[in-house]
Amino acid sequence: MSKPKARKKAVYTPPQKTQQVKVSPRWLAPTMVAAWIIGILWIAIYYIAPDAPFIGGLQNWNLLIGFVFIIFGVVLSTRWR
């Protein structure tokens, strides 16, 4: 009785991927930090001087505006490499 022939199969080797380092645009980090600072300052100024010109008329919408700036900075931070 003869031995069953083993099927010779090529071992799979995945194609080589180029390992290019992704670099963030130069404007990303300053914009991200500026958005955080503007958001924090907006909320802080609203709490310190709620009757300040321009800010006083917006009432509690100032909190939303400040948090939008902060969230925008967080969204930009997900793109940072």
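Leu-41 is partly exposed, with a relative accessible area of 47%. That's a handy place to start in this predicted model. Together with Val-33, Ile-37 and Ile-45, Leu-41 forms a nonpolar patch on the surface.

Now step back and take in the whole protein. Its secondary structure is simple to list: two helices and zero strands. As for overall shape, the C-alpha atoms fill a box of roughly 100 × 30 × 15 Å along the principal axes. The radius of gyration is 28 Å, while a compact globule of 81 residues would come in near 12 Å. Buried residues account for 17% of the 81, and the protein exposes about 7,600 Å², with carbon and sulfur atoms supplying 68% of that area. Look at contacts between residues with a separation of 6 or more, and you'll find that 65% of them join residues 24 or more positions apart.

Next, follow the chain to the loop between H1 and helix H2 (61-77), where Phe-54 lies. Phe-54 isn't a glycine, yet its phi is positive, at about 75°. Why does that deserve a second look? Because most residues other than glycine have a negative phi. Phe-54 is also exposed: its relative accessible area is 63%, and the cut-off for that word is over 50%.

Gln-59 lies in the loop between H1 and H2 too. Here again phi is positive in a residue other than glycine, this time near 55°.

Conventions
Residues numbered from 1 in each chain as written. Predicted model: local features only at pLDDT ≥ 70, side-chain atom pairs only at ≥ 80, totals over all residues. Heavy atoms only, no water. Patch = residues over 30% accessible without salt bridge, like charges linked within 9 Å, V, L, I, M, F, W, Y side chains within 5 Å. Areas by Shrake-Rupley, 256 points an atom, 1.4 Å probe, with all protein chains shown as cover. Salt bridge = Lys/Arg side-chain N within 4 Å of Asp/Glu carboxyl O. Buried < 20%, exposed > 50% of the residue type's maximum accessible area, 1.4 Å probe, protein only. Helix = DSSP H or I, 4+ residues; strand = E, 2+ residues; numbered from the N terminus. Rg over C-alpha atoms; globule rule 2.2 N^0.38 Å. Contact = heavy atoms within 4.5 Å.
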